[in-house]
Amino acid sequence: MSEAAVVRAVVWSARIVGLLTVLTAVLPAPRRLLGSELRSTLGLPSGVGLAALVVTTVAGAGLLLLATGLRRRKQRAWWVATGTTSFLVVVNLLHVLDQRHGLAPTVLVAALLVALLSTRRHFVAEQDPGGPGRAVRTVVQFGLSGFLVVWVLLALNPRRLAGDPSVAAQAAHAGASLAGVTGPVSFTADAAWLDDLTAAVGLTFGVVAVLTAGYHLLRSPEPRPSLEPHDEQRLRELLTHCDGDSLGYFALRRDKAAVFAAGGRSAVSYRVLAGVALAAGDPIGDIGAWPGAIEAFLGECTRYGWSPAVLGCSERGATAWAKAGLDALELGDEAFLETATFTLDGRPMRGVRQTVNRMRRTGHTVVVRRLGDHDDEDRARIAERARRWRGGEHERGFSMASSRIADPADPDAVLVTAFRDGAPSGMLQLVPWGPDGLSLDLMVRDPDADNGVNELMIVELMAAARNLGVARVSLNFAVFRSALERGERIGAGPVARAWARLLRLASRWWQIDSLYRFNAKFRPAWYPRYVLFPAVRDLPRILFVALEAEGFAGRPSSVLRLLGR
């Protein structure tokens, strides 16, 4: 049996045992067992029955949650699952001694414990080194907060407490409420609501403490995104010596990390978010060395318990990733313009031609220059102008953005600047793509600029491309372009039309339809792009992470602070 099959067997065993444990804890017959002769024989107090019920239920639910960590081969998930299973073995043995419980559940739980112990070597993924400290702090903070809230509720309502309980009894009741257990305090007949309130508040704080502590304890490391200088230099050398992908230059984003194949002839750049290692575009370097870089990347994912994913790779790249075991889904299309064939002539280009002529008549001009032709003072002004035009918007882009504006490290980038009567009104920044190509990196304009300035800049870029030695230009990426196009065709079915309408609705927030229509104006060639993922169950989380990386959605800053990011 392969290693992956062994891990899957352990994961499903943990799920089955966890589910059966929860069911036997909450069904009526097993609940009666908790109040049976064994408890009386041992002289345990009446509250122990309910406490055992709660703890057993939590242990079963914990196994269900731990199965996800086991699937990612996390070391701490294995340790916690092994400890939880050992506890359940003891509980089941006590039920057997009570003679109200058969041997079958005990054998099943014991078998899971043996399976965990015998497969220890397969669970190697490392977790966040600061996780245990944060887990302890979380338990203390939420536990203490819940304890104090319940204690204050009891102290503020002395007339609703039966028998004038002592301060110690009230404190014991507040502590017991965190586990959902009834404490020593009794309530008057007209204060049943206070009993329910204190129980609900205490249990809520207790559950939040356990869940948040479990997250901190088991979460995968999310390293601070940074590209080491020596890795950046190695990536630049790979980009120089290969034609590569139109998105290759964006591997130089400084919020990415890089992993290289043995020998250094190929590499994969990626960023880690919420337990997902998100790569973008094709591997960098010699295509013959791609399998080595992919293997190294997947090895890093296994080592740290990350889910591997690839955003926006080409068909050639998707084929290489699929051979490594990932599934592919077409995400959209990238628009390409060829310098040799681009023209404004003909009826299909009539709209663009009219827009460009109108912009020229109203005094608009365009300057196209390499970034290396600008001095430091010019670059500083360009960067400041772009930031001012963008205003307070967060930076968007991950797979097709360099995250830099007029940076001296990119002398071969091309800046296209539009002017009206000598005043700047718009700007494009394009980065190198192989020896004779450019990829659109940044498109910004003055909020007061005339409509059509972007069309003018692209047309003037294509006119200047020959002098720059540029044979091809990559424009924006159009998500779900083929779906939008199919939905507009005559005879499109109801599903295609409904899907297109949904995408146009989503365009109110994410510019799906508007980017497609803008690109389509220039009659480009379309090339599909794909998203790669390990399994369908991982796809929703990967798409959420992709939206966060691209700057369109993601975890709010308040949630990130709570999670210690």
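Trainee: Which residues does Asp282 touch, leaving out those up to four places away in sequence?
Mentor: Asp282 is in contact with Asp245, Trp290, Cys313, Ser314 and Gly317. Keep in mind that this is a predicted model.

Trainee: What kind of contact does the side chain of Asp282 make with the side chain of Ser314?
Mentor: A polar contact, at 2.6 Å.

Trainee: Is Asp282 buried or exposed?
Mentor: Asp282 has a relative accessible area of 5%, so it counts as buried.

Trainee: And where in the fold is Asp282 found?
Mentor: Asp282 is in a loop, the one between β5 (276-280) and β6 (284-285). For another reference point, take Ser246: it is 36 residues from Asp282 in sequence, while their C-alpha atoms are 9.0 Å apart in space.

Trainee: Let's look at β5, then. How many of its residues are buried?
Mentor: Five of the five, so β5 is largely enclosed by the rest of the structure. Val276, Leu278 and Ala280 are on one side of the strand, Ala277 and Ala279 are on the other, and both faces are covered.

Trainee: Which strands pair with β5?
Mentor: Strand β4 (residues 266-273) pairs with β5 in the antiparallel sense, over four bridges. Strand β7 (residues 307-313) runs parallel to β5 and is joined to it by five bridges.

Trainee: Change of topic. How many salt bridges are there?
Mentor: The count is 20. One of them joins the side chains of Asp410 and Arg236, at 3.4 Å from N to O.

Trainee: What does the pair of Asp410 and Arg236 tie together?
Mentor: Asp410 lies in the loop between α14 (376-390) and β10 (414-420), and Arg236 lies in helix α10 (residues 229-240), so the pair ties together parts that are 174 residues apart in sequence. Asp410 and Arg236 are both buried.

Trainee: Which other residues are linked with Asp410 and Arg236 in a network of salt bridges?
Mentor: Glu232, Arg254, Arg404 and Asp407 are linked with them in that network.

Trainee: What about Asp376 and Arg379, how far apart are their closest N and O atoms?
Mentor: They form a salt bridge with those atoms 2.1 Å apart. The two residues are three apart in helix α14, so about one helical turn separates them. Asp376 is exposed at 56% relative accessible area, whereas Arg379 is buried at 12%.

Trainee: Which residue does Arg381 form a salt bridge with?
Mentor: Asp378, with the closest N and O atoms 2.3 Å apart. Arg381 and Asp378 are also three residues apart in helix α14. Arg381 is partly exposed, its relative accessible area being 42%.

Trainee: Now the whole chain. How many helices and strands does it have?
Mentor: It has 20 helices and 14 strands. Of the 565 residues, 47% are buried.

Trainee: And what is its accessible surface?
Mentor: About 27,300 Å², with 59% belonging to carbon and sulfur atoms.

Methods:
Residues are numbered from 1 along each chain as its sequence is written. This is a predicted model: local features need pLDDT of at least 70, side-chain atom pairs count only at pLDDT 80 or more; totals for chains, interfaces and linings use all residues. Side-chain values use heavy atoms; hydrogens and water are left out. Buried means under 20% relative accessible area, exposed over 50%, partly exposed in between (1.4 Å probe, protein chains only). Contact means heavy atoms within 4.5 Å. A polar contact is a pair of N or O atoms within 3.5 Å; within protein, one must be able to donate a hydrogen and the other to accept it, and residues adjacent in sequence count only if both atoms are side-chain atoms. A salt bridge is a side-chain nitrogen of Lys or Arg within 4 Å of a carboxyl oxygen of Asp or Glu. Accessible areas come from the Shrake-Rupley method with a 1.4 Å probe; for residues, only the protein chains shown count as cover. Two strands pair if DSSP finds at least two bridges between them.
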